[in-house]
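Please read this account with the model open beside it. The text goes from the sheet to a helix, and then to a loop.

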Amino acid sequence: MKSVVIVGVGLIGGSFALALRKIGYQGEILGVSSPSTISSAKGIIDRGVSLDEAKQADLIFLAQPIHKIIQTLPQLSGAKGLITDAGSTKR
């Protein structure tokens with residue numbers, strides 16, 4: 001796996017990035033978040049990308065509130081890799 005994109009680099013998304021680093025993941029960790037959050041996450045993620053660029057990643061990890069995840073999923077149509085989330089119960 002060469003690249004992971006975390007959509008929502010807050011507490012949960014940032015913790016996921018740190019966990020990847022801790023286990024020795026050597027690939028690129030990218031983030032989709034607000035510019036201020038991306039800036040705060042430097043050193044945890046490699047760089048920020050757009051949601052459209054995220055579609056090229058091997059893994060997309062959605063770490064957003066559930067209503068945002070539901071809004072984001074259609075925008076990821078055609079994504080190349082696996083998409084998973086840290087959301088709660090869905091209906």
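This is a predicted model: local features need pLDDT of at least 70, side-chain atom pairs count only at pLDDT 80 or more; totals for chains, interfaces and linings use all residues.

Residues are numbered from 1 along each chain as its sequence is written, and side-chain values use heavy atoms, with hydrogens and water left out.

Begin with the sheet. Five strands form an open sheet in the order β3-β2-β1-β4-β5, with parallel pairing. The edges are β3 (47–48) and β5 (82–85); each has a single partner strand, so one side of each is left without a neighbour in the sheet. Strands (E, at least two residues) and helices (H or I, at least four residues) are DSSP runs, numbered from the N terminus. Two strands pair if DSSP finds at least two bridges between them. In general, strands of a sheet pair through backbone hydrogen bonds, either parallel or antiparallel.

The pairings can be followed strand by strand. Strand β1 (residues 3–7) is joined to β2 (residues 28–32) by five bridges in the parallel sense, and Val5 has Leu30 of β2 as its bridge partner. β4 in turn pairs with β5 in the parallel sense over four bridges, where the bridge partner of Leu59 is Leu82 in β5.

Which way do the side chains of β4 point? Leu59 and Phe61 point one way, Ile60 and Leu62 the other way, and all are buried. Buried means under 20% relative accessible area, exposed means over 50%, and partly exposed lies in between (1.4 Å probe, protein chains only).

Next comes the helix α1 (residues 11–22), which lies across β1, β2 and β4 (59–62) and runs at about 160 degrees to β1. Axes are lines fitted to C-alpha atoms, for helices over the stretch in contact, and angles run from 0 to 180 degrees between N-to-C directions. Contact means heavy atoms within 4.5 Å. The buried residues in α1 are Gly13, Gly14, Ala17 and Leu20. Seen down the axis of α1, these buried residues fall within an arc of 115 degrees, so they line one face of the helix. The arc is that of the directions from the helix axis to the C-beta atoms. β1 and β2 are included in what covers the buried residues of α1, whereas Leu11 and Lys22, on the other side of α1, are exposed. After α1 comes Gly24, with a positive phi near 95 degrees.

Gln64 sits in the loop between β4 and α4 (66–72). Is Gln64 buried or exposed? At 18% relative accessibility, Gln64 counts as buried. Not counting residues up to four places away in sequence, Gln64 touches Val7, Gly8, Ile69 and Thr72. The side chains of Gln64 and Thr72 are joined by a polar contact of 3.1 Å. A polar contact is a pair of N or O atoms within 3.5 Å; within protein, one must be able to donate a hydrogen and the other to accept it, and residues adjacent in sequence count only if both atoms are side-chain atoms. Pro65 is also placed in the loop between β4 and α4, and at 48% relative accessibility Pro65 counts as partly exposed.
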